Amino acid sequence: MKEYLNLFNDWVRLEESEWVPNDKVWQFVYYFLCVQFLGLSPTLLPIWMLVMEYFAEEVNAFLFGSDFAQNWTVCCLGAVTVSLYWINGLSWLAWDFLSPTWCKKKYLVQPKRVITSKVVWKVSKNLIVNQILTVIPLCLFYDVIFMQQNRGLRIEDVAKLPSYFRVVKEVLLITVFEIIIFTLGHLLLHTRMFYRMHKVHHELKQPFALAAAYSHPFENVISNFLPFSAPAMLFRVHPYSQLIMAFVAVMGTQLHHSGWDLPWYKFMEQPDFHDKHHEFFTVNIGVTGLFDWYMGTGVESRNKPMTWRKSIISPLITDNQGMMKMKLK
Ligand SMILES: [Zn+2]
Ligand SMILES: [Zn+2]
């Protein structure tokens, strides 16, 4: 197993090969993917792109260059990720509150969505508790068990920025595994045994960006933290690639929960796709639509006849109604 992983690492780290076109082409691919993943979010994306384009060396040196960062790399990444979550989430919230009514009517997936300050306060308290109970201990765990034993992210590479080619390869690799782990974890959370925890996240039938990680601490670990951190540690990516991945994960999930059907963004049918999951509970379990299309659990198949694939998945998925009946007994 270890040998296979090493082979994989070597391939991922390979900076040059005969078929690699020049870095400008990969720079274009990198920005193309950023826009696809993040959907030109009207908030942080343009600023982030400018900063990462012109100050990448400085960001890399500031975050990973010090002695402290060499020992506590994941904690540094965690601090940036949590800060980004709040900055991007609050700027989405400003947009939620300040946008004109005609805009809400036209572009909200659920035009009658209401966000009260009471809900925002409840969500904020949940986020802070989860960050203290799960994010801080897990970052410390990664640093002590992996990073300080010369495993995990490849901190020895930070002296040099990775090429666009390497960032694209590493981010795509983590994204594929993130989607697989998230989908399986989400399916698990919808089973009768675990839905008790997942129903916290499903309290919000009308999601908004800041509430993307509103969840039970167990779900925060399984669904939010592990899917994008475990593959990065396993495949030993460059810390800078993981920084980009953190932006993709945070801004991606907030976009998927934003409730805004942005006219210029139709990639993977988001945020409509995940919004429908919050509205109807038992559909759209995956991220890209591929899993639900294949298994027949997409929102469009709700009133269609049962297929053999759907008959495997459907009995596993409990719904809110089922939980309510259980409570009444
Ligand atoms: Zn959700
Ligand atoms: Zn769910």
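User: Where is His202 found?

Analyst: This is a predicted model, and in it His202 sits in the loop between helix H10 (195-198) and helix H11 (217-234).

User: Is His202 buried, exposed or partly exposed?

Analyst: The idea is to count neighbours: a residue is buried if 20 or more other C-beta atoms lie within 10 Å of its own, and exposed if 12 or fewer do. His202 has 19 other C-beta atoms within 10 Å, so it is partly exposed.

User: What share of contacts in the protein join residues at least 24 apart?

Analyst: Counting contacts between residues at least 6 apart in sequence, 74% join residues at least 24 apart. For the overall picture, the protein has 16 helices and 0 strands, and 37% of its 329 residues count as buried.

User: With helices in mind, how should I describe a packed pair?

Analyst: Two packed helices are described by the angle between their axes and the distance between those axes.

User: Which residues make the contact of H8 with H11?

Analyst: H8 contributes Asn130, Leu133, Thr134, Val135, Leu138, Tyr142 and Phe146, and H11 contributes Pro217, Asn220, Val221, Phe225, Ser229 and Met233. By class, that contact has 9 nonpolar residues, 4 polar and no charged.

User: Let's move to H12. How many of its residues are buried?

Analyst: Of the 19 residues of H12, 18 are buried, so this helix is largely enclosed by the rest of the structure. You can check its length too: at 1.5 Å a residue H12 should span 27 Å, and its end C-alpha atoms are 27 Å apart, which agrees. After H12 comes Gly259, with a positive phi near 80°.

User: At what angle do H9 and H12 pack?

Analyst: Helix H9 (residues 164-189) packs on helix H12 (residues 239-257) at about 50°, with the axes 9 Å apart. That makes H9 oblique to H12, and the crossing is right-handed. From H9 the contact uses Arg166, Val167, Glu170, Val171, Ile174, Thr175 and Glu178, and from H12 it uses Ser241, Ile244, Met245, Val248 and Ala249. The classes here are 7 nonpolar, 2 polar and 3 charged residues.

User: And how does H6 lie relative to H12, roughly parallel or oblique?

Analyst: Helix H6 (residues 73-98) meets H12 at an angle of about 30°, with axes 10 Å apart. That makes H6 roughly parallel to H12, again with a right-handed crossing. Residues of H6 in the contact include Leu77, Leu84, Tyr85 and Trp92, and those of H12 include Leu243, Phe247, Val250 and Met251. The contact divides into 11 nonpolar, 6 polar and no charged residues.

User: What separation do the C-alpha atoms of Leu45 and Met251 have?

Analyst: They are 8.3 Å apart, although Leu45 and Met251 are 206 residues apart along the chain. Leu45 belongs to helix H3 (residues 45-54), and with 19 other C-beta atoms within 10 Å it is partly exposed.

Note on methods:
Residues numbered from 1 in each chain as written. Chains lettered and ligands numbered in written order. Predicted model: local features only at pLDDT ≥ 70, side-chain atom pairs only at ≥ 80, totals over all residues. Axes fitted to C-alpha atoms, helices over the stretch in contact; angles between N-to-C directions. Helix = DSSP H or I, 4+ residues; strand = E, 2+ residues; numbered from the N terminus. Parallel < 35°, antiparallel > 145°, perpendicular 65-115°, else oblique. Left-handed = near helix turned anticlockwise from the far one by under 90°. Contact = placed C-beta atoms within 7 Å. Nonpolar A, V, L, I, M, F, W, Y, C, P; charged D, E, K, R; others polar. Expected span 1.5 Å × (residues − 1).
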